[in-house]
Amino acid sequence: MSIEGVPAPEEHLGFRVGTDRKLADWPEIVEYFMKVGEASPRVKVEELGETTLGNPFILATVSSPENIENLEELRRIQLRLGNPVGLGEEEAAELLEKGKTVAMISCSIHSTEVGGSQMSMELLHRLATEESPEMAEVLENVVFLLVPSLNPDGNRIVCDWYGRYLGTEYEGTGPPYVYHEYAGHDNNRDWYMFTLKETQLTIEHVHNRWHPQIVYDMHQMGSKGPRFYVPPFIDPYEPNIDPVLTSGVNFMGVSMADALAREGKGGVATHWVFDAWIPARAYQHHHGGIRILSEAASVKIASPIEIKSEEMETGRGFNPKESRWNHPIPWSGGAWTLRDIIDYELTAAWACLQTAAKFRKRWLRGTLEMGRRALDPASGPYAFVIPLAQRDPGAVKELTWVLRMGDVKVHEAEEPFTADGVEYPAGSYVVLYAQAYGNFGKTLLENQVYPDLRESPEAPPKVPYDVTAHTLSLQLGVEVTQVDTAFEAKLKTVDEPTMPKGTVHRRGKKYYAFSSVPNYAYKAVNRLLDTGHGVCRCTDYVELDDVTLKPGAFVVEGGRTLIHELTEELGVDFYGLDGPPEDCFDLVKPTVGVYRAHLPNADEGWLRMVLEEYDYTYVNLYPEDVRAGGLREKVDVMVFPDLTRDIVREGMKGRRRMDPETYEPIYRRGIEEGGNREVLRFLEQGGTVVTLNRACEYAVKELWAGAELATEGLDQKELYCPGSLLRVMVDDTHPVGYGFSREEAIMYLHSPAFKVKDGYAVAWYPEADPLLSGWILGEKHLRGLAAVAECPAGEGTILLLGCMPHFRNQNRATFKLLFNSILYGAA
């Protein structure tokens with residue numbers, strides 16, 4: 001045992017952290033953290049809850065023993081400085097003197113990037129045991145929050161996969177499936193929708209509980225570029241980020257790079273590739289904290305690699321062999337190990353904590369100044385209004401829940417009011433901008449205008465790191481109005497957003513109709529079908545005494561008790577009918593086949609998550625299942641998620657930078673020619689194939705869907721749209737368009753557009769600029785083209801959804817494209 005009775009990690013594990021081909025599994029990491037928490041007065045370890053798959057999610061808080069005893073008071077000070085309503089100068093000065101810098105380090109959200117979680121044990125041990133003036137300064141001035149893994153499930157998945165092939169020719173690969181049950185690599189893009197349990201635990205129990213000034217998130221990247229990356233970020237920054245945070249990111253990143261340089265660690269790059277635009281990756285940038293990202297060059301999980309100098313790769317304006325201001329010490333190649341990653345990360349982590357400690361007053365003063373600016377009504381619009389009358393009350397609840405989860409205050413009008421000359425009824429929601437985290441609300445509720453950073457109109461586009469649009473109101477289909485002028489209204493605070501309960505109108509009838517406009521109506525349909533109730537769908541308007549339901553309305557026979565439950569739970573209104581409607585078609589509970597390539601495809605994971613949330617029945621169809629045939633007996637509808645044609649057909653061989661020979665043969669293959677024949681047979685027998693986004697190329701070129709890929713072959717100078725929300729027009733009388741308005745917003749990301757030759761355009765781009773939020777070049781090439789189409793295929797149907805209808809479980813306004821396709825395809 002080492003000093004203070006705290007075991008060293010190697011005593012606990014039986015090997016030194018970072019040893020070649022050795023990994024600590026999550027239970028071992030948790031057990032070690034618990035041991036240190038019990039033995040050291042500097043460390044408090046908490047289990048915050050359970051992950052998606054039931055693993056413990058933990059947090060270690062580290063500081064001086066005196067600070068550990070006084071955490072609640074220190075937390076009160078931190079939150080008061082960040083929300084300084086009514087805070088006078090004298091009290092502010094006292095809080096600045098007493099407060100501590102709050103710094104957070106989170107590790108290995110991407111679970112093949114194992115270095116951070118492994119490193120966390122050595123970092124914790126040093127903090128718990130070291131006796132030095134430098135350590136005393138850190139412990140005295142910093143409250144340190146250490147999350148050893150933001151994805152414990154993935155740690156277990158990767159450790160299991162790595163151990164399975166250790167010592168074989170397949171050693172060192174990542175799993176050929178997502179390392180989060182649903183999100184895979186996208187799990188760090190959930191920081192404004194909060195769909196994942198791990199995100200919710202982190203937001204609720206760490207971020208919102210403390211609002212750290214510093215958040216350092218540890219990652220890894222490819223092996224053949226720089227050895228390590230830290231900020232400054234490149235442009236653009238999201239415009240609502242406070243300049244104190246922008247300068248703080250630069251200050252901290254340079255401090256960390258300087259520490260690495262002073263230790264002679266080569267290959268450290270800054271100001272390269274990574275930007276600070278999208279809040280889905282940077283919650284803290286809108287909540288008073290800097291986001292520091294480090295990216296270490298990866299090894300083969302825990303197996304070492306050897307990289308020759310001539311194998312080093314250039315790209316995006318960076319040459320790893322050249323010395324530049326943002327890359328002062330090139331790395332010349334050689335052996336690279338997990339231990340190297342851990343050493344770089346330990347140096348960066350310690351530099352982060354020292355900078356937090358030495359400049360405590362800088363970080364606290366920044367928190368106060370940002371808080372004061374946030375409370376200034378002149379710094380932005382006055383408010384955003386969410387009118388009471390909305391097409392989908394469930395979407396309004398989801399929007400207000402996101403805002404509240406994001407620590408944005410939401411108010412409800414108790415009386416009618418007028419703003420900018422428009423009258424709003426009581427019950428409308430109001431989000432005032434002048435509040436501590438009002439800029440997070442503004443970020444999600446306004447349309448983005450992504451800057452064109454090209455040096456000239458003839459130059460190729462500068463590629464963003466992620467998507468360019470994050471307007472949540474558009475993604476949810478909720479009407480929101482920005483109000484710039486102050487107005488008077490009687491408002492009450494909304495703590496827990498609720499949804500109005502539905503109503504059963506004209507009770508005592510045998511048949512009940514309900515609208516297909518709200519998303520939750522589809523959950524109601526699945527509940528009714530699951531319990532044996534007959535449900536049909538109307539192809540024409542349903543005229544009632546005081547309401548008209550659009551084409552696509554559902555009609556259920558019987559089920560009065562369940563109907564009452566659904567009104568309570570889902571807010572769905574039911575309308576009694578005197579008899580069955582004439583123009584309708586019967587629905588069956590569909591069995592959906594989700595195609596799962598032997599690749600970690602996040603879109604497939606999000607698809608499964610959405611289907612489960614809405615009570616759809618699905619089965620996984622792997623390439624070997626498709627090749628085996630008999631698809632019509634297994635499923636009603638096949639859904640191919642966002643995958644290229646080459647990946648669907650050829651599997652790993654169709655994916656760039658992937659060596660199929662490093663995997664067992666079963667994982668290498670796609671559906672191949674034999675599987676493609678089985679899909680064609682499925683269509684001939686009356687099945688329905690739904691292809692999402694890039695998979696539409698597979699449908700057109702392999703299944704002979706009657707459409708032309710009209711934008712194929714255009715280069716980025718001609719057409720470029722990197723994740724933007726675009727306007728489409730929808731035929732709401734077509735079964736795939738049921739429940740939509742004439743104009744909708746879709747997520748365009750590497751998306752196709754069609755000229756329909758044999759079939760029907762369900763949604764199409766207008767003869768005008770379709771951009772609603774984000775960035776697009778060459779929009780003229782989309783005008784009039786179809787975005788969604790139905791194409792007959794023998795006795796079956798191919799539905800081309802040329803967009804991302806369930807993108808990251810965020811674009812909920814277009815869920816119905818997917819749901820309608822499934823119900824229509826199975827009917």
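## Reading side-chain contacts in a predicted model

Analyst: Asp25 is buried, as its relative accessible area of 19% is under the 20% cut-off. The model is predicted.

User: Which residue forms a salt bridge with Asp25, and how far apart are the closest N and O atoms?

Analyst: The partner of Asp25 is Arg156, with the closest N and O atoms 3.1 Å apart. Arg156 is partly exposed, at a relative accessible area of 33%.

User: How many salt bridges does the structure hold?

Analyst: There are 56 salt bridges. One of them joins the side chains of Arg21 and Glu171, at 2.7 Å from N to O. This pair links distant parts of the chain, 150 residues apart: Arg21 is in the loop between helix 1 (9–13) and helix 2 (26–39), and Glu171 is in the loop between helix 8 (152–165) and helix 9 (197–210). Arg21 is partly exposed at 38% relative accessible area, whereas Glu171 counts as buried at 16%.

User: Where do Arg649 and Glu702 lie, and is Glu702 buried or exposed?

Analyst: Arg649 and Glu702 form a salt bridge, the closest N and O atoms being 2.6 Å apart. Arg649 lies in helix 21 (residues 645–650) and Glu702 in helix 24 (residues 696–702), so the pair ties together parts 53 residues apart in sequence. Arg649 is buried, with a relative accessible area of 12%, and Glu702 is buried too, with 9%. Elsewhere, salt bridges with shared partners join Glu89, Arg365, Glu369 and Arg372 into one network.

User: What describes a pair of aromatic rings?

Analyst: The distance of the centres and the angle of the planes describe such a pair. A search of the whole structure finds 38 aromatic pairs. Among them, Trp161 and Tyr177 are edge-to-face, with 5.9 Å centre to centre and 85 degrees between the planes. Trp161 is in helix 8 and Tyr177 in the loop between helix 8 and helix 9, 16 residues apart. Trp161 is buried at 2% relative accessible area; Tyr177 counts as partly exposed at 26%.

User: Why is the pair of Tyr283 and Phe440 edge-to-face?

Analyst: The planes of Tyr283 and Phe440 are at 70 degrees, with the ring centres 5.5 Å apart, so the pair is edge-to-face; the cut-off for that class is over 60 degrees. Tyr283 is buried, at 1% relative accessible area, as is Phe440, at 0%.

User: Which residue lies over the face of Tyr520?

Analyst: Lys523 does, at 5.6 Å from the ring centre. Tyr520 also belongs to a cluster linked by ring pairs, including Phe514, Tyr522 and Phe819.

Notes. Residues numbered from 1 in each chain as written. Predicted model: local features only at pLDDT ≥ 70, side-chain atom pairs only at ≥ 80, totals over all residues. Heavy atoms only, no water. Salt bridge = Lys/Arg side-chain N within 4 Å of Asp/Glu carboxyl O. Helix = DSSP H or I, 4+ residues; strand = E, 2+ residues; numbered from the N terminus. Buried < 20%, exposed > 50% of the residue type's maximum accessible area, 1.4 Å probe, protein only. Phe/Tyr/Trp six-rings, centres within 6.5 Å; stacked < 30°, edge-to-face > 60°. Lys NZ or Arg CZ within 6 Å of the ring centre and 35° of its normal.
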